[in-house]
Every structure is written in structure tokens, then in C-alpha cells.
Amino acid sequence: MSPDEVLAELTALQAGDLPTHGGATMAYVYDSGLSGLEELAAAAQAAFQWTNALDPTAFPSVARLENDLVGAAARLLGGGPGTVGTLTSGGTESCLLAVLSARETWRARGRAGRPRLLLPVTAHAAFRKAAHLFDLDVVDVPVDPTSCRAVPAAVAGALDEQAALVVVSAPSYPHGVLDPVGEIAAMAASAGVPCHVDACIGGWILPFLDDVPEPFDLSVDGVTSLSVDLHKYGYAPKGVSVLLTATPELRHAHWFTTAGWPGYPVVNPTLAGTRPAGPMAAAWAVHRWLGDDGYRELARRTRAATVALTAGASAIEGLRVVGTPVATLVALAQEGPRRGRRAESRRRDDRARLDAAAPAVVRAGRRRPPGHAAPDRDRRDRGASGGVARRPHRGRMRGGGAPPAGRRPGPRRGRRDDRPHHPHRRRGGRAARGGRRRERPAARAHGAGARPGLGSPPTGGRAAAGRRAGPGLPAYPVTPCSRAQAATAAATASATRRSSGLGTM
Ligand SMILES: *Cc1c(COP(=O)(O)O)cnc(C)c1O
């Protein structure tokens, strides 16, 4: 089979996909419409596709990419002298790490009980995922029924000893409105609680607009971290986002470090081990090519389309624009008499207590052709299981089409929102396979003397791994990383990796 034939097969696989160019897809893809951008991104991605961003000492180019993009984000989004950041694989990972950092910071204060995440009901589901993964309780913060902005008074009431992090959105994904960032961040700060701004979708648009109603970024007192996706309005291909933290300590708090295995000292700033450098390089190239002027022009055009769409929609009888859209998302609500049971249950599920059912989210400039069903938002969750028929749209109505048919969105009945169901999780985890592995002190020091990240130490590593594989032999002793070991690993890594300090360590 020739490479061309293989590629033809791939192209054929895409026949049923939504178009990623042409402005007809209203979610998932962010098409700049600029000729040349795709080719540039593809070439940059190809040049870095075999590079492993796990180790910037082996690939110093990666440290440069990361520093440049983190620096650009910090400059754009009100970063101060202490601001540092990290490139992640996407918005979800940026949000996860912000929560992890806050939890670690909370724990380090020696507080008793369980940490809590103060979450407006309109905050992205990635934060519920974070609470699930990192074991925080979610405190639902209501939003105003008309403006759909988080209610500061409700945050005030929940800022207690258990509060580990407050989240606000700039803007929120469901309604495209800006939470009262200044008010909430100030309250959080006076209670000593960190505040994260989720600007995943707005962070590379709002800085280029001149009609943003109020400050929302790291320049606002009390804001301690901010997430912004380059694979949205940074117009980079999928797989790259930025998490900024106001201090290096907050970034350090989401690192994982260990020297407690025979391979190499591990210093992972993100959830991944091996990290693809391709998306970073593509984002870097697109950013370098567009520059502030390019982004400003794209933001201006997209915002103008949003404003036109908002005006048009609000002139239609029976439609209402929800709140004040500040960026490029518009939510429409249907006015009129309350509808039947489905509307009721959806409203209950929404928990935002909107007075009208099923607000529609419309991203400006990306119109879905009439009759083109929106994809099932859960499809990705079912992954490549194959053979799963597309269900009718279960999410919010997009593009002003007919109200969704089929099942309502949201968690299964009887399940708590922040405890999602895992369809693929196998029964019986580690416990079923014989319980948690006994953790014993390491038989010898390993890794500490190795160059960080540069593979196994010359002796010990492979031999030890072999022992572990042998039948009847004890598993290689594994210790959780002690604070001292972690500090040593981090210090070694810092010394080796030191570049500008912005993006990497
Ligand atoms: C897209 C988005 C996320 C999650 O980002 P992914 O890149 O899809 O993981 C989080 N928050 C907001 C506001 C978003 O728009």
C-alpha cells in the first residue's frame, strides 16, 4: 500500500465529519478563515511532531516555545512581575491544574476536613471533573436569573476555612457573559482564598476588544490564576492552552515530582508525562505570524458578527438574548409560556433557575447549515468505541435551530453532578487486582544523581525493572516521593532547566 493510499483512507474516514473550515460548524472548531494559516500550523507541527516536551533539557527549543507563549499570555492578560505559567494540552487540563494547585495550597495550610471548590453553576464542567479527580466538594454558586452572572453575595457566604478556590468565568461558556470578576476576586482575597479566572474561550479575544465592560484578568486584585486556550481564539490546532499563575509558588503547587523509582527523577509540570511539542510549535508559529495586529483584526470581525447577530436575534419576537454577551458567544432564550415537562426537568438540571427554557448558545460567524444536526456533545466521551450511532443533539440548542429532541442533557438521574459516571471504568480497580501495592522504603537511592529527565541512570534502572518483571521476585520497592526528595528533584531540574523562568522551571 502506498502512502497516498493510506492518506486516501484517512480522508475517506473524514467523510462524515463536520467541516473544520468554511464557517459552517458552530462549535468545536475555530476557523480564522485566513489563507496560509493552516499550512503554517501544519508545517510547524510536522517539524516538532517527534520532539518530546517532557524534557526541555533534551529539547531546549521546547523551553523557548513555552516561555514565549506564556510570556505573550502574561503580557496580554495583565500578568505582573511574579506571573509564571505552563502550556497544557487544553482548557480542561489548565482548569484541572488550577484546582490541583489550589488544593495543594489549601492542604499545605494544615486545614482539617475537605477542601471546597466554589463554583458558579455556569462554570465549565472541567471544574466538576477537577473536583471529582482531586476530591474536593463543590459548592454551587447561583447565578442571577436575568444576567446569568455569578452572585457575589452567594460567594461571600461560602468563603470559609474549607474554601480552597473560587472560580469565575470570562466569559462563561453556557451564556457568554462575564462574571463580576473584580467583586468576587476582592472578596476571595480578603478571605485569603485564591480566585481562578476561566478565560479559556475569552482570553485571546477580550484583550483585543475595546468594549469589554470591566477588567477581568490577572491585573484584577485577588485573581491568582487564569486559563486561556490557544486552540480556541489563539487559532492554534488542537492540544494547547495556557495556565497562568500569579506566583511561582502557585505553579509549583501543581507540579508532580518524584525520585522514588529507578527510572529518572520525574518533574511533571502538567498531568502528562510525554508531552507533544507539535501543538506548541504550531501555536507559536500562528502567534508569531498573526501578531497582535492579526489577532486584533480577527477579534474585531468576530465581535462585529456577534453584535450583529445579537441585535438581529433580539429583534425576533419570542427570542431573548440572555444577559450581556461580552465576547463571541451569544445565548438565546425562548420567551413565552412555560412548556411541558421536558422544559421543567431541563430547567431543574440547569440549576441556574433561568426563567425560560433551553437557552441557545450561538458562536458568532459559525453558522450550521439548516437541518444539519448538532453533534452529540457526549460523542467524544464514548470515544472510538465504534458503531455507536449518533444520537440526536442532547446539548443546548445551537445556531438557532429547532429545540433539541431526545434526552435532556446532564447527568443521569440520581447521580450527583460532580460525581460523573464512567462508562468505561472497569469493575474492581487496583483493589480487585490484589490491593494497593505495599509501599516500602527504597532499597537504595536511585535517580537522584542522574541528569534530570535524560533517561534511566546507567546502572540500576533497567536491572531493577527486570527484577520487577521476574516471576516470584518482589516488586521493586517504590516509595512515595518525600518532600525532601521532591525538593531535590525540583532543584536539580530547576538548575538544569533554567532559562527565563517564565514558562518552564
Ligand atoms: C473550552 C472551555 C474549557 C475546556 O477546554 P477544552 O479545551 O475543551 O478542554 C473550559 N472553560 C471554558 C470557558 C471553555 O470555553
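1. Two strands count as paired if DSSP finds at least two bridges between them. If you want a spot to look at, Val-84 stands opposite Thr-245 in β7. Helices (H or I, at least four residues) and strands (E, at least two) are DSSP runs, numbered from the N terminus.

2. Before going on, some ground rules. This is a predicted model, in which local features need pLDDT of at least 70 and side-chain atom pairs count only at pLDDT 80 or more, while totals for chains, interfaces and linings use all residues. Residues are numbered from 1 along each chain as its sequence is written.

3. Now the overall picture. The protein comes to 13 helices and 12 strands. Of its 505 residues, 43% are buried. Here "buried" means that 20 or more other C-beta atoms lie within 10 Å of a residue's own, "exposed" means 12 or fewer, and "partly exposed" is in between, with C-beta atoms placed from the backbone.

4. Back to β1, where five of five residues are buried. Val-84, Thr-86 and Thr-88 point one way, Gly-85 and Leu-87 the other way. In a regular strand the side chains alternate between the two faces of the sheet.

5. What about the ligand? It is surrounded by 13 residues, and the closest are Gly-91, Thr-92, His-124, Cys-200 and Ile-201; a residue is near if its C-beta atom, placed from the backbone, lies within 6 Å. The shell has five nonpolar, six polar and two charged residues. For that count, Ala, Val, Leu, Ile, Met, Phe, Trp, Tyr, Cys and Pro are nonpolar, Asp, Glu, Lys and Arg charged, and the others, Gly among them, polar.

6. Helix α4 (residues 91–108) gives the most to that shell, with three residues. The helix is mostly covered, with 15 of its 18 residues buried. Just after α4, Gly-110 takes a positive phi of about 75 degrees.

7. Leu-37, Ala-41, Ala-44 and Gln-45 are buried. Seen down the axis of α2, these buried residues fall within an arc of 100 degrees, so they line one face of the helix; the arc is that of the directions from the helix axis to the C-beta atoms. On the other side, Glu-39, Ala-43 and Ala-46 are exposed. The buried residues of α2 pack against α9 (278–314), where a contact means C-beta atoms, placed from the backbone, within 7 Å.

Note on methods
Two residues are in contact if their C-beta atoms, placed from the backbone, lie within 7 Å.
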